[in-house]
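User: Could you take a close look at the charged pairs and the nonpolar surface of this model, and explain each term as you go?

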Amino acid sequence: MIEQGVLLYTDALASFFTPEALVSVLFDGLAKASLYVMIASGLTLVFGLMGVLNFAHGSLTMFGAYLGGLVLVLIVGGSPTDPVALGGFFLAVVVVFGALGLLGGVLEWGLIRPIYDRPPLYQILLTFGLALILDELARIVVSFYGIQPIASWQAALSTKPAILGRTYDLGPTSLPGLELFQIGFGLLTVGFIWAFLTQTRYGLYVRAGSQDAEMARALGINVRRVFTVIFALGTGLAGLAGLLLAWDQAWGASVPLAAETLLPAFVVVIIGGLGTVRGTVVASVLVGMVDAITTWWFNEAITFTGLPEMFLFLILVIVLALKPQGLYGVSEVGGH
Amino acid sequence: MSLLTVRDIHTYYGESHILEGVSLSVDRGEVVALVGRNGVGKTTTLRSILQLSPPRSGRVTFDGSELTGLDTHAVAQAGIGWIPEDRRIFDQLTVAENLRVALPPSTETADGLSVAYETFPALQEHQDRDGGDLSGGQQQMLAVARGLIGDNELLLIDEPSEGLAPLIVERVGRALARAAESSTILLVEQNLGLALDLADRFYVLDTGKIVDSGSTAGLSADSDRFRRYVSA
């Protein structure tokens, strides 16, 4: 019996180190990393630059999934052609980013700004309460329109174009089109955030304001407005993550998506170091790769599909034990 | 009409009454020194003008416009620059970024940076280093340069020579003397020699009140007039 088990693992090890498996796991890991970076980047921007821990982040991702899904269903319908579906997706990007960004701006201005000077517990309670309200609101609205709130919204999933449903030969293996699309979208998002923060005057104001808000104000920077823009950017990115997930069979638009994305977002942000964008990118790649490797192992060698998720938290425990501030963390974040 | 007028301001930190009716004025083109011992309210006076520590009563006007009640960024946009006591460099921004953040949007970046680098050539050598990696003297030069390149009619300068080596004090002093030729300055300075060299007039602050003022002409740092309130 033991000999059989050893043989099984030896065979699995041999098939893992084949070019087909390695390339497949690499791209699967990058696709997962792209999803994690999309889910977590808005959260880390808002925490790193403003010091606000936004527990409603997952709910805003879920809103993005439903709103993006709605745009896709309205434009693409049930029989998607590739150009219409892709065009619909990029229109949904604009609609979701704009609408969620606007919602985020209003939330920051109306709810969060008045409690900046209070202890962090106030922000946590406020955003947690906001998450509960947004989740219930979504549940009521989708139920009203006859959509099952706890299952993935199939109408949105079915708008995925055939071009992303196919697999593509890449060297020794073939890869799903959706994974390649997610990797490309994740890279674009990271590039956009990097360019905004480092190549624009407003990005410079954001970095200055997050380090020393008082000095930034004394240099003529309207730090309150900067924080509103950052919160809007963070919620807009949360919405885009939701839109990307609306086409993914493993996630899909549903009300529980709020909690399902909030937890990994926090894990990635904590591993990377609270509030550092670079840390979030590195942590996303690390978590994505470990997730892909363990998923392969627990599908091919040991049939126990829940274990890959456990490894995500195992990385968290190991990183916190060795480096309590995370990979790139600093002791203090937020400029106000 | 004075460029800056501070009229009977009372500023508190919590329940501590720090400024007890401070009044002063600075005319266009003047350099005015505000001197006094540590902890008498000099920095608080500058913070009150900037509305970083808004006075509970009294008025601050700049070029005829009321500053009281404005947000600090609006005060800065009105044309008041600040070189703070503790430098307040943005540690994680490079030297060039620390300077760019102080430039008004209408100023070409290259022009603004060249002014700073002409004044302190050492900054150009370190332009790609993070502000937090600079020595104390280099950080002070950066803080002064950042104040000088803003499009400011009035500069509030707080202890620019504090904790610096004599060579750096001399360089900073030269830069301030050059700035004084074209700007209006309210200078807080413990180094009485430097303050009297630069200033046209002075105010002495003691425990939150102005206790003496006048022209600096003919006065020296060891004058009896200062000894009582300024010497430790």
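Analyst: A patch, in the sense used here, is made of residues with over 30% relative accessible area and no salt bridge, where like charges are joined within 9 Å and nonpolar side chains (Val, Leu, Ile, Met, Phe, Trp, Tyr) within 5 Å. Accessible areas come from the Shrake-Rupley method with a 1.4 Å probe, and for residues only the protein chains shown count as cover. The model is predicted, so local features need pLDDT of at least 70 and side-chain atom pairs count only at pLDDT 80 or more, while totals for chains, interfaces and linings use all residues. Residues are numbered from 1 along each chain as its sequence is written, chains are lettered from A and ligands numbered from 1 in the order in which they are written, and side-chain values use heavy atoms, with hydrogens and water left out.

On the surface, Leu70(A), Leu74(A), Ile75(A), Val84(A), Leu91(A) and Val95(A) form a nonpolar patch, and together they have about 490 Å² of accessible area. Two or more residues of this patch come from each of helix H3 (57-76) and helix H4 (82-112) of chain A, helices being DSSP runs of H or I with at least four residues, and strands runs of E with at least two, numbered from the N terminus. Leu70(A) lies in helix H3 of chain A and is partly exposed at a relative accessible area of 39%, where buried means under 20%, exposed over 50%, and partly exposed in between (1.4 Å probe, protein chains only).

Turning to charge, side chains of opposite charge can pair when their charged atoms come close. A salt bridge is a side-chain nitrogen of Lys or Arg within 4 Å of a carboxyl oxygen of Asp or Glu, and the structure holds 14 of them over all chains. In one, Arg113(A) meets Glu108(A) at 3.8 Å, N to O; Arg113(A) is partly exposed at 23%, whereas Glu108(A) is buried at 0%. In another, the closest N and O atoms of Glu136(A) and Arg139(A) are 3.3 Å apart, and these two residues are separated by about one helical turn because they stand three residues apart in helix H5 (residues 120-144) of chain A.

A further salt bridge links Glu214(A) with Arg88(B), with closest N and O atoms 2.9 Å apart. Glu214(A) lies in helix H10 (residues 213-218) of chain A and Arg88(B) in the loop between strand E6 (80-83) and helix H3 (95-100) of chain B, so this pair joins two chains. Salt bridges that share partners join Asp212(A), Glu214(A), Arg47(B) and Arg88(B) into one network.
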